[in-house]
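Subject: Handing over a structure, with notes

Dear colleague,

I am passing the structure below on to you, together with my notes on what was found in it. Please read the notes with the structure open beside them.

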Amino acid sequence: MADEEAVKKSGRLRSVGLGKNWKMALDKLCREVVFARDDGCQWCGRLDRQMQWAHVRSRRYLSTRWDTRNSLKLCGGCHLLWHHQPLEAIDWFNFKFPARAKALRLHNSGTHKVDKTLIKLALEQELNKYR
């Protein structure tokens with residue numbers, strides 16, 4: 001399968017189909033999965049606002065950046081509250097999504113190498129569930 005192969009370019013290996021801007025490509029794909037999965041704002045339930053892709057654990061941690069258990073769709077107002085009231089936000093997330101919260105806690109207990117190609121394949125497979 002072409003996506004599972006790697007090509008040698010500029011002295012280093014890069015995943016096929018992701019290119020130089022692989023983080024942006026995976027961000028776009030993960031956002032698409034989350035928007036297909038979640039109906040409206042996950043916090044307030046509104047459907048009539050501009051929605052944003054939000055993360056439970058910061059995007060700077062690549063091991064969970066594209067983990068859909070770490071992502072949700074929030075309206076702009078709730079996303080702002082998420083950042084301004086993080087303790088309340090985490091309490092709400094733990095209550096509303098206990099299995100996801102537990103999985104993230106277990107995942108965060110170790111270090112994980114990022115496999116760009118595997119992440120891309122997993123996201124594409126998950127997106128197909130919602131199409």
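Helix α1 covers residues 22-37 and helix α6 residues 116-130, and their axes come within 9 Å and cross at roughly 25°. That makes α1 roughly parallel to α6 (angles under 35 degrees count as roughly parallel, over 145 as roughly antiparallel, 65 to 115 as roughly perpendicular and the rest as oblique). The axes are lines fitted to C-alpha atoms, for helices over the stretch in contact, and the angles run from 0 to 180 degrees between N-to-C directions.

The contact (heavy atoms within 4.5 Å) is made by W22, L26, L29, C30, E32, V33, A36 and R37 of α1 and by K116, I119, K120, L123, E124, E126, L127 and Y130 of α6. Sorted by class, it has 10 nonpolar, no polar and six charged residues, where Ala, Val, Leu, Ile, Met, Phe, Trp, Tyr, Cys and Pro count as nonpolar, Asp, Glu, Lys and Arg as charged, and the others, Gly among them, as polar.

Two residues of α1 deserve a separate word. L29, which lies in helix α1, counts as buried because its relative accessibility is 13% (buried means under 20% relative accessible area, exposed over 50% and partly exposed in between, with a 1.4 Å probe and protein chains only). Apart from neighbours within four places in sequence, L29 is in contact with K120, L123, E124 and L127, and the C-alpha atoms of L29 and L123 are separated by 6.7 Å although the two residues are 94 apart along the chain. K23, also found in helix α1, is partly exposed, with a relative accessible area of 36%. Beyond the neighbours within four places in sequence, K23 is in contact with L62, R65 and W66; K23 and R65 are 42 residues apart in sequence and 9.5 Å apart in space, C-alpha to C-alpha.

The axes of α4 and helix α5 (residues 98-108) come within 5 Å and cross at roughly 115°, which makes α4 roughly perpendicular to α5.

As for the whole, the protein chain has six helices and four strands (DSSP runs numbered from the N terminus, with helices being H or I of at least four residues and strands E of at least two). Of its 131 residues, 39% count as buried.

On confidence, the chain averages a pLDDT of 87, and 86% of the residues score at least 70; pLDDT is the predictor's confidence in each residue, from 0 to 100. Over residues 1-14, however, pLDDT stays under 50. Where pLDDT is low, the predicted coordinates should not be read in detail.

Residues are numbered from 1 along each chain as its sequence is written, and side-chain values use heavy atoms, with hydrogens and water left out. Local features need pLDDT of at least 70 and side-chain atom pairs count only at pLDDT 80 or more, while totals for chains, interfaces and linings use all residues.
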